[in-house]
Amino acid sequence: MMRRSTFITYAGLGLFGILGPILFPAYTLSIAYLWMMVLMASTWDILGGQMGYNSLGNITFFGVGMYVSAIIQISIFYEPGVGEYTSAMGAIKPEFTDQQYYWGIFLGIFGGAIAALALSLIFSTFMFGLRGPYFAIGSLGLAIAAAEITVTINYVGGASGISMPMFPGDIEFRSVFFYILCFTLAVLSHFVIRGMLSTQFGLAINAIRDDEDKAEAMGLPTLIYKQIGWAVTAVFMGAIGAVAGNMAGFIDKEVAYPVPTFGIFMVAMVLLGGKGTLWGPVLGAIIFHIVKETTWTYLLGWQWVTLGLILIINIVYFQQGIMGWLQSKYPEMFGIVVDQSNINQEKKES
Amino acid sequence: MNDIIKVTNVSKAYGGVKANVDISFKVKKGSITGLIGPNGCGKTTLFNSIVGYHPIDGGSIEFDGKEISHLRVGDIARLGMLRTFQQTKIYTKMNCVDNMQISVSHRRNSKNGIFASRKGEIRERAEDLLEFVGLYSKRNLISGDLSFGQQKLLEFAMALMNEPKVLLLDEPTAGINPTLINGLIDRLGRANQELGITLCVIEHNMRVIMNLASHIYCLSNGKMLAEGKPSELQNDQRVIDAYLGGH
């Protein structure tokens, strides 16, 4: 039964993903942002939901991926490099051929992901000594520090930011291009996470969440699991950051390290959908994005109030989120049942 | 070399409280050894010292001929020595099968990799062991929803899943009803006999420990008071005094 509903979910989301921009071309970029938020929520849940480490600093990887991709995209085909480009304050407009642009953006995404991965491995060496609220605040500190350090680096434009290379195609094709990138990365992240959770890795990070001391006492090498979890998060956040920078067209500290918006949204989306579940973050991101877009359009001026209200209701009445609530209400749907069958009898049958 | 655990003159103090003073303690390979004594006499502290939960103040602890007093909990567990907790510790938001499956050995030679499959042999062994402790029908329930006694049984089964060489059990029968206690004694004996696991048991239930253990140590006020066969200890005046209000 679950198999069938899973299939329907994938078919539905897949159809929406492919037909969405065709049926609603005006909303292409908005749906692209939806997939971006699905990715952010899903990757946040690896640590925050499945492993019990509430990271408020994942946005660091987003920003680093964005800046590294900008450096790669500009330096690779523009001889004087990023430093010259940014110090000219927009006076220089290097022309990229189509081919150079596309090569640049793909190398940029790849490089952004690698840089974020490397950074997460460095952070892992000292951050995982912190637990609970200390980890949350510590990781938030990383994001704020990264943003402030970025501003001081003149090479990447300091506080005045970087203009990203111009997209070579027309505006409709631009939307579709970035839509495809966002959708592909979201789908990829979902299946990577799904695959990882279905192995012993998934159980190990759940064990760390439930009782890290017990896990250590049982000989589980907890640090390596934590490192892998954060590294996967970082790779996808770095890649999507690179895409987001190009979508925005201009990057600076506010665009690259949106701590009070995306940094908090990704947590809110997971709490809404249900943390520690595969589908909770996806569901949460979809609902959150729809509410956000609707209120920004029809309740302008009240949009933050509405979002705040939803969060408060969520935290006070549905702490386990939608999926968690469903699981406690209908446990049999999730296979949480007493099974009176005999083990020997079952073995004979199979 | 017949002693799998050899504790020599170990001391441990918490601030001014001398929890263990010059304790020497041996566990023979393949045996069941008991550790008794009044509350607060330092039994659990000794367990914690052995499994590396805290650094010791002095003395030496050997496991299988190897000095382990400087190692940490995870390293010692991966050598093959596990303990269960007085306050039962299980993964309360996971179901019983998952609790079992993640408890597999993480020793260097084990084939249980980080991204190993959760199906096949590992799952079968998890279910067999749940059957062994009588929790098979509850295997899909969230473990935190089980009764306290069932959680203790689950914790014991998780320890067996790890296939340790030595298992230190901290009050395995506390809070378990009399019928279940008999079942548990039977299973402890079978784990020792059939799986060849050396057991070291802290226990307050005298009937249990006298039937189970072949050799018993008695602690009192952080010092080793007496040791011997169960029959010898039962008639030892010092042990009787320690238990009947001597401390």
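Predicted model: local features only at pLDDT ≥ 70, side-chain atom pairs only at ≥ 80, totals over all residues.
Residues are numbered from 1 along each chain as its sequence is written, and chains are lettered from A in the order in which they are written.

Chain B is divided by an automatic or database domain assignment into domain 1 (1–80 + 166–247) and domain 2 (89–163). The C-alpha centres of these two domains of chain B lie 25 Å apart. Where they meet, 12 residues of domain 1 of chain B are in contact with 11 residues of domain 2 of chain B; contact here asks that the C-beta atoms of two residues, placed from the backbone, lie within 7 Å. On the domain 1 side, the largest share, 4 residues, comes from helix α6 (residues 178–194) of chain B. Helices (H or I, at least four residues) and strands (E, at least two) are DSSP runs, numbered from the N terminus.

Chain B also holds an open sheet of 6 strands, in the order β6-β7-β8-β3-β9-β10, with mixed pairing. Two strands pair if DSSP finds at least two bridges between them. At the edges stand β6 (81–83) and β10 (223–228) of chain B, each with a single partner strand, so one side of each has no neighbour in the sheet. Strands β7 (residues 166–170) and β8 (residues 198–202) of chain B run parallel and are joined by 5 bridges; B:V166 stands opposite B:T198 in β8(B).

The two chains meet through 34 residues from chain B and 27 residues from chain A. Four elements of chain B, namely α2 (73–79), β6, α3 (96–101) and α4 (121–132), each supply at least two residues of the side that touches chain A. The largest share of that side, 4 residues, comes from α2(B).

What does helix α13 of chain A pack against? This helix (residues 280–298) has 19 residues. Its buried residues include A:L283, A:I286 and A:F288, where buried means that 20 or more other C-beta atoms, placed from the backbone, lie within 10 Å of the residue's own. The buried residues of α13(A) pack against α2 (28–51), α12 (259–273), α14 (303–317) and α15 (321–329) of chain A.

Key:
Expected span 1.5 Å × (residues − 1). Buried ≥ 20, exposed ≤ 12 C-beta atoms within 10 Å, placed from the backbone.
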